[in-house]
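Please read these notes with the structure open beside them. They go point by point, and each point can be checked on its own.

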Amino acid sequence: MSGLRIERDGHLLRVTLAKPDRRNAFDAALIRELTEAFADVGDTRAVVLAGEGESFCAGADIEWQRSAIDLSYGENVEDALRLFRMCETIDTCGAPVVARVQGYALGGGSGLVACADVAIAAPDATFGFSEVKLGIVPAVISPFVLPKIGAHARRYFLTGERFDADTALRIGLVHELADDLNGAVDRVVGELLSSGPEAVREAKRLIRERPGGEEAAQTAARLRAGEEGQEGLRAFLDRRRPTWLE
């Protein structure tokens with residue numbers, strides 16, 4: 001039975017971790033399903049990543065961890081690479097990803113949050129990079145977490161302590177706290193869908209690749225001279241809605 005629920009609503013794709021009885025914890029099957037779900041989102045203009053039930057994602061499933069105990073070094077490398085590729089696929093997804101975070105977001109769950117472009121959390125959500133408590137480290141998720149929280153990792157990677165949503169907001173892991181999670185997510189999705197589809201994807205690529213001056217100028221010129229840029233500028237000057245809103 002699939003641990004993932006995928007629903008399309010017009011230009012919006014909803015990807016929901018659907019193992020509430022396991023607090024949506026990862027196992028090999030869920031990692032594979034998430035990788036496949038984000039590998040090709042087609043012309044989707046926004047993706048909402050959520051967790052069913054009381055928690056967003058409580059990290060690695062206990063039974064999956066138990067099965068990993070007897071893996072060889074080489075098997076461990078392959079296992080870790082599968083998790084990395086899942087995170088990378090979400091992080092580099094062409095469409096913007098909005099994470100809806102409630103309850104526990106621990107270990108790899110916090111890693112998932114870091115892979116999102118916009119992360120909105122409930123005020124009582126709980127985060128943590130608890131790997132060191134098990135004698136291991138958050139190495140696989142570190143390429144995605146470190147750009148978000150920077151030097152704060154020197155505390156939270158080392159202590160493995162859990163921290164609250166206010167702290168997650170302060171260190172940059174999440175962008176907003178909201179009592180009404182659905183309302184806040186819908187508002188952000190509305191902002192994304194009101195923008196030029198090509199422009200949003202190019203903006204995400206710009207953030208990730210950080211091009212130099214000449215390449216940045218070429219990107220700006222290409223978008224401005226392109227069909228979508230021309231339509232957006234003309235609609236603004238004509239005080240009308242651009243065609244992508246029709």
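1. Basis. This is a predicted model, in which local features need pLDDT of at least 70 and side-chain atom pairs count only at pLDDT 80 or more, while totals for chains, interfaces and linings use all residues. Residues are numbered from 1 along each chain as its sequence is written, and side-chain values use heavy atoms, with hydrogens and water left out.

2. The sheet. An open sheet of 6 strands runs in the order β1-β2-β3-β4-β6-β9, with mixed pairing. Helices (H or I, at least four residues) and strands (E, at least two) are DSSP runs, numbered from the N terminus; two strands pair if DSSP finds at least two bridges between them. The edge strands, each pairing on one side only, are β1 (4-9) and β9 (176-177). β1 and β2 run antiparallel and are joined by 6 bridges. Within that pairing, R8 stands opposite L13 in β2.

3. Strand β3. Both neighbours of this strand can be described in turn. Strand β2 (residues 12-17) runs parallel to β3, with 6 bridges between them, and L17 has G51 of β3 as its bridge partner. From β2 the chain crosses through helix α1 (residues 28-39) to β3, a β-α-β crossover that is right-handed; that is, with the strands pointing away from the viewer, the path from the first strand over the helix to the second runs clockwise. Strand β4 (residues 97-101) is also parallel to β3, joined by 3 bridges, and V48 stands opposite V98 in β4.

4. Burial of β3. How many residues of β3 are buried? The count is 6 of its 6 residues, where buried means under 20% relative accessible area, exposed over 50%, and partly exposed in between (1.4 Å probe, protein chains only). A46, V48 and A50 point one way from the strand, V47, L49 and G51 point the other way, and all are buried.

5. Nonpolar cores. A nonpolar core is a set of buried Ala, Val, Leu, Ile, Met, Phe, Trp, Tyr and Cys residues joined through side-chain atoms within 4.5 Å. The largest has 50 residues, and those with the most contacts inside it are L34, F38, F127 and L173. Helix α1 gives the largest share of this core, 5 residues. A second, separate core of 14 residues includes I120, A184, L192 and V200. In soluble globular proteins, nonpolar side chains tend to be buried together.

6. Contacts of L34. Leaving aside residues up to four places away in sequence, L34 touches L4, V15, L17, F26, L49 and M86. Contact means heavy atoms within 4.5 Å.

7. G59. This glycine, G59, lies in the loop between β3 (46-51) and α2 (62-68). Is G59 buried or exposed? G59 counts as buried because its relative accessibility is 2%. Not counting residues up to four places away in sequence, G59 touches A25, F26, L106, G108 and G109.

8. E228. Helix α11 (residues 227-238) contains E228. E228 is buried yet has no salt bridge, and the nearest side chain of opposite charge, R45, is 7.4 Å away. Lys and Arg count as positive and Asp and Glu as negative; His and the chain ends are not counted. A salt bridge is a side-chain nitrogen of Lys or Arg within 4 Å of a carboxyl oxygen of Asp or Glu. Not counting residues up to four places away in sequence, E228 touches G196, P197, E198, A199 and W244.

9. Salt bridges. The structure holds 14 salt bridges. R82 and D79 meet in one of them (3.5 Å, N to O); both lie in helix α3 (residues 73-91), 3 residues apart, about one turn of the helix. R82 counts as partly exposed because its relative accessibility is 42%, whereas D79 is buried, at 13% relative accessible area.

10. A pair across elements. R187 and E176 also form a salt bridge (2.4 Å, N to O). R187 lies in helix α8 (residues 181-193) and E176 in strand β9, so the pair ties together parts that are 11 residues apart in sequence.
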